[in-house]
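Visitor: Hi, I've got a protein on my screen and I'm new to this. Please walk me through it.

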Amino acid sequence: MADTEWTDNPGDPSRTDEETLDAREANDVNPEDQVNPEELSDEALEQELGDILAGDAEEGAEAAAQAVADEQETAAEEELDELGQIQKELDERTDDLKRVTAEYANYRRRVERDRIAVIEGAKADVADKLLPILDDMDLAAQHGDLNGPLKAANDKLLAALAAIKVESFGAEGDAFDPDVHEAVQDTSTGDDKVLGSVLRKGYRLGDRVLRTAMVIIADPA
């Protein structure tokens, strides 16, 4: 053993490599500067727990906000549906009211038209029954017998008929109208025809002809 020559001295600083020195330097640290692994684990755990809680809180807030938004959207859709249903019912009621109003207006017009027709018909019936009396009065006037009490009665009769819009038509010289004149003789020679003689007056009630006039056609004078 004593004769053995050591070629390498492990303790020789010059024979020590850089990696070994770095490792020694790394291990040669002030104890106050060293970090307690347990304390580092607690801090990391607290940090991780805080991050998780913060993430959960953020996700919870987002979820709550989304839930509120969904609820508001659903409520808005339900409100729109309800408003749409109300508008639909309102439109239906409005259409019903318009239809009833139109039907009532038509009913009133029909009733008024029927009422007027009944009144005009009654007037026409009364006037038609009085026409023979008027014819007799005209004959009496032609013979000069329409005077005294008879003339007074004739005047009252004519006034009563005028009050219900009964009027006579057909006078000598009027243009001939086949719609209201009944010609018993035509003595005219040209295209122009007039009433030469009136044998019987015609009468109308408003636009309704009660009786045509009986005439003889002649040439214009």
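Guide: Let's start with a term: accessible areas come from the Shrake-Rupley method with a 1.4 Å probe, and for residues only the protein chains shown count as cover. The accessible surface of this protein chain comes to about 17300 Å². Carbon and sulfur atoms hold 52% of that surface. This is a predicted model, where local features need pLDDT of at least 70 and side-chain atom pairs count only at pLDDT 80 or more, while totals for chains, interfaces and linings use all residues. Residues are numbered from 1 along each chain as its sequence is written, and side-chain values use heavy atoms, leaving out hydrogens and water.

Visitor: OK. What helices and strands does the chain have?

Guide: There are 3 helices and 6 strands. Both are DSSP runs numbered from the N terminus (helices are H or I with at least four residues, strands are E with at least two). Reading from the N terminus, the order is α-α-α-β-β-β-β-β-β.

Visitor: Which strands make up the open sheet?

Guide: The open sheet has 3 strands in the order β1-β4-β5, with antiparallel pairing. Its edge strands are β1 (166–169) and β5, and each pairs on one side only. From one strand to the next, the twist averages 35 degrees.

Visitor: How many bridges join β4 to β5?

Guide: 3 bridges join β4 (residues 202–205) to β5. Two strands pair if DSSP finds at least two bridges between them. R204, for example, has V209 in β5 as its bridge partner. As background, strands of a sheet pair through backbone hydrogen bonds, either parallel or antiparallel.

Visitor: New topic: how many salt bridges are there?

Guide: A search of the whole structure finds 9. The term means a side-chain nitrogen of Lys or Arg within 4 Å of a carboxyl oxygen of Asp or Glu. One of them joins R211 and D135, with the closest N and O atoms 2.7 Å apart. R211 lies in strand β5 (residues 208–211) and D135 in helix α2, so this pair ties together parts that are 76 residues apart in sequence.

Visitor: Is R211 buried or exposed?

Guide: R211 is buried, at 14% relative accessibility. Buried means under 20% relative accessible area, exposed over 50%, and partly exposed in between (1.4 Å probe, protein chains only). D135 is buried too, at 18%. Across the 221 residues of the chain, 14% count as buried.

Visitor: Which residue does E182 form a salt bridge with?

Guide: R200, and their closest N and O atoms are 3.7 Å apart. This pair links distant parts of the chain: E182 sits in strand β2 (residues 181–186) and R200 in strand β3 (residues 194–200), 18 residues apart. E182 is partly exposed at 35%, and R200 is partly exposed at 24%.

Visitor: And what about E92 and R93?

Guide: E92 and R93 form a salt bridge, with 3.9 Å between the closest N and O atoms. E92 is partly exposed, at 36%, whereas R93 counts as exposed at 52%.

Visitor: Last one: which residues form the nonpolar patch on the surface?

Guide: L80, L83 and I86 do, with about 300 Å² of accessible area together. Patches are made of residues with over 30% relative accessible area and no salt bridge; like charges are joined within 9 Å, nonpolar side chains (Val, Leu, Ile, Met, Phe, Trp, Tyr) within 5 Å. L83 is found in helix α2 (residues 37–142), and at 47% relative accessibility L83 counts as partly exposed.

Conventions: Axes are lines fitted to C-alpha atoms, for helices over the stretch in contact, and angles run from 0 to 180 degrees between N-to-C directions.
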